[in-house]
Amino acid sequence: MFIKRFAIVTLLVAVSVSLIACSGSKGNFVKLQGAGASFPAPLYLKWFKTYSSAHPNIQVDYQSVGSGSGVKSFMDKTVDFAASDAAMKPEDMAKVEGGVQLLPMTAGSIVLAYNLKDVPNLRLPREAYAGIFDGKVTKWSDPLIAKANPGVKLPDLPINVIVRADSSGTTFVFTKHLAAISPEFQKAIGVNNMPNWPVGTRSKGNEGVTASILTTPGSIGYIEYGYAHSQNLPTATLENKSGNYVAASTASAEAALASAQMPTDLVAWVSDPEGQDAYPIVTFTWMILYKKYDNKDKLDALKGLVTYGLTDGQKESESLGYVPLPPPVVAQVKAAADAL
Amino acid sequence: MSDSDRVKAKPPSEAETLLHRAEAEAEKDPFAGVDFAELELSLYRPRTLFSIILSWLVTGMTLLALIPLFAVLWMLIWRGGRKLGLALFTQLPPAPLEQGGGFGNAIVGTLIMVGIATLITVPLGVLTGVFLAQAGASKLAGAVRFSAKVLTGFPSILAGVFAYGAIVLATGGYSAIAGAVALSILMLPTIILTSESAIAMVPAKMKEASIGLGATGTQTVWMVLLPTAMPGILTGVMLAIARAAGETAPLLFTALFSNYWLASNGRIDLMQPTASLAVLIYNFSGMPFKNQVELAWAAALVLVALVLITNLIGQSFSRQQVNQ
Amino acid sequence: MTSVPGTTRLEDEAAWHVGQTWQPPSKAQRWIDVLFRRLCVGFAALTIVLIALLVFEIAVKAIPAFREHGLSFLYQATWDPNKGTYGILPEIWGTLYTSLLALFFGSAFGIAAAVFLSEGYLGEAVFKILKNFNLHFHPFWGKLPDRLEVLLKNLIELLAAVPSVVYGLWGLFVVIPLIRPGCNWLHAQFGWFPLFSTDLSGPGILPAVFVLSIMILPTITAISRDALISVPPKLRMAAYGLGATRWETILGVLLPTASRGIFGGVVLAFGRALGETMALAMLVGNANRLTVSLFSPANTLAALLANSFPEAGAKEIPVLMYAALVLLAITLVVNMFGALVLERAAAKSEAK
């Protein structure tokens, strides 16, 4: 009766599934699993796929679960490597037996995208954009903004601030920058993955903020460069430390990174870059590896992966919206990776 | 000939006259003169009016309830329809800025994980439901019912966190099994509560008749209760499967994701990170690349279609004609 | 004719082989009976063990947070990980408000759809149309009413198959832009009314409630329809025989009889509404404020968990576990409340 039918169908399904699934490769098979930040995820995914196609017996998988979860998995030893925008806290690094090696693999910039249909080019001075996210600047027609945009008709609308609802490395970097340029921001809100923003509608993820900006007139929010670029969202030109107004681009981000001094532990923050043409909001992002690996094959595969990322991989950065690492940094990272 | 003439020649008897007259009457409108107002649905009667208004209201509300379904399906087709094709089932997910690609591994992953979760929860849930329906008033039954109700509100992300602690940490890595366990936590309360409800709705006289004929409790359950309650139980199972197939949060902590097929070295490995349609949709819909976003919508369409097919297969099993 | 009522001819033949039920059960059958009963009890106990384990794990992880914040966690309103102050009152309110509103709308439309399905309106209408063309006994067209009914039932259940992420995206891209003009007009005209006191700047309670009711509707419809269909036909015929109109039977006989089943469906739907994570995280606005306005953003416990968990460090996790415990407690309390209400109503109707 129906039990028989049920059994037959289950058997058929099981057989067909195993037939479909039996397309694995053989050989000295190495599988690497990584988890972490969503900021570099598109670039890493591209690297890993290209690398795996070139080396058929190595499969590399990466899942963006967030910097915090990635680091947690790394500490629990359930993944082979992790990725984080906020590097790793010293107390967490101490908890991992055998030690941790952080390797900056790429960098990116955060832009302020906005939705004002009559204003194609918006310039925002430092106090203005710090004030917007602080809650002090509430209207587009505010004198602070108008001063920097002579001749532009700014509407008398309230500024609809869009911030992140979820805990995020992007927010961490953005708040670090705001805290560096504005002591009031540092005191009121501080640097955090998920700060207590005094204003703003919250949206989930870079894509949520992008969608909100696209559908809300008079809004402004902070997102990664790649997202603004792919949706053709206008982004504000920001005033940097030297007083110049710089738009986000690979060149301006590279100029910002060039001023970074990379210490031996390879954790550097560029919260307020010097340089005439430097774009003010940039960050490195790190891959986190164990200092010791029991499985030699895995270690070799990882080393090959890192080397690929630092050499050919850097060429892919620009098309995806990331910034190639400055050559001295590349050399430092390579040395650290080889020492594993 | 001459006989019929002879019959015709005779004058009609009284009975025949009456018969003729009755037939003549019958040919006229038999209901002439009867007032039919009571038997028609008249809008002037308040009770009828009430009934008709409510009927229209309910029809309208059902149509309204269907509009979002069509809206969502339309959105999926419009945004992802162009990607529909065989490649979706045979190819692996593309890298950013790569064109084409598919999500065959995600389909397999979802089928496997939801399948394992169903295999775990259906026996567990249905038999618990049998117990609850039979032993309705006992303390244990009360406790089970209470726990099941509390579990209905369990946030999906916590199911993932729990399975992470219980299985991923214990086995040292992300796996399809951990994902299946997380999904079972979400499916279980639905199956328990609907099975209990379905079995309790079987008329008592059927159970009593079966026992009266000398069947043991077990035979009653298997031959009377379960077949009769099967449509209701199946509804619960289908609802649970539909939900499990679409859940993302629990899988993020347990099965993670994989860009490769589930097999390595020629055999299926359930103890490694597994792709799934829900996580694929979550990942790809959030990327700033057109190809990925379109694939996400196409994946959503495929997921809905998969659940529909499962639904239809399940219904074909429960084609039981019950004599009541 | 079958020898055991309620079984099919097929079952009847099976009875010959599985066990001849018109004789006392054999030893083997009694063994099987005992084992099966024990198995059922075992599984039921396993369920309790599982749930106890879940709650225990969460409680254990939440202890540090409980020690640190105590009960102030429940009535404070700021969530600031930076400063270490955590309070989930806005989230508790948001969870209850959105879930109850969604339950109200979801039940109204869900039960209406269930009645529509169980009464067979669609089949009747199609039958009448077919009758006009004299096709109602056609081998192919004659089956159309039944087939369409099945199709409709499956369509409504299909609403449950759409992943929550997709509902979230649909809400963001379609629902919010669609309702924004209407809501802002309502705010402009009737801003004094507490429900309309803010304007809809994007995600908010109303889009979240709207999408949430759509998500729980198939559960309510499917289970209520099953409950309505399993009301014995005799009751319905008896009511008609007494001269009741269609809706008098539905309201007076069918719904009360099926109320147990319908309530079960409502309980499940409410649980789903409380625990819904992904769609609400995208649509409710994630603002930690206490508000009655339908257009303002708010936050729910599940959305808070979804947003904070991925990046939560070791310090935040106990706090999030504490919030999860509170959510489970809310599910518990509301379920108990609902059960009490049902008992009162049942007692009243039985007393009649």
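In the predicted model, B:Thr218 touches C:Ile32, C:Asp33 and C:Phe36, residues up to four places away in sequence not being counted; contact means heavy atoms within 4.5 Å. B:Thr218 lies in helix α10 (residues 217–246) of chain B; helices (H or I, at least four residues) and strands (E, at least two) are DSSP runs numbered from the N terminus. With a relative accessible area of 6%, B:Thr218 is buried, a term that stands for under 20% relative accessible area (1.4 Å probe, protein chains only).

Chain B contains 13 helices and two strands. Of its 324 residues, 56% are buried.

Helix α3 (residues 46–80) of chain B packs against helix α7 (residues 164–190) of chain C at an angle of about 90°, and the axes are 11 Å apart. The two helices are therefore roughly perpendicular, the term for angles of 65 to 115 degrees. Axes are lines fitted to C-alpha atoms over the stretch in contact, and angles run from 0 to 180 degrees between N-to-C directions. Residues of α3(B), including B:Pro68, B:Met75 and B:Arg79, meet residues of α7(C), among them C:Tyr167 and C:Trp170.

Residues are numbered from 1 along each chain as its sequence is written, and chains are lettered from A and ligands numbered from 1 in the order in which they are written. Local features need pLDDT of at least 70, side-chain atom pairs count only at pLDDT 80 or more, totals for chains, interfaces and linings use all residues, and side-chain values use heavy atoms, with hydrogens and water left out.

How values were computed: Buried means under 20% relative accessible area, exposed over 50%, partly exposed in between (1.4 Å probe, protein chains only). Angles under 35 degrees count as roughly parallel, over 145 as roughly antiparallel, 65 to 115 as roughly perpendicular and the rest as oblique.
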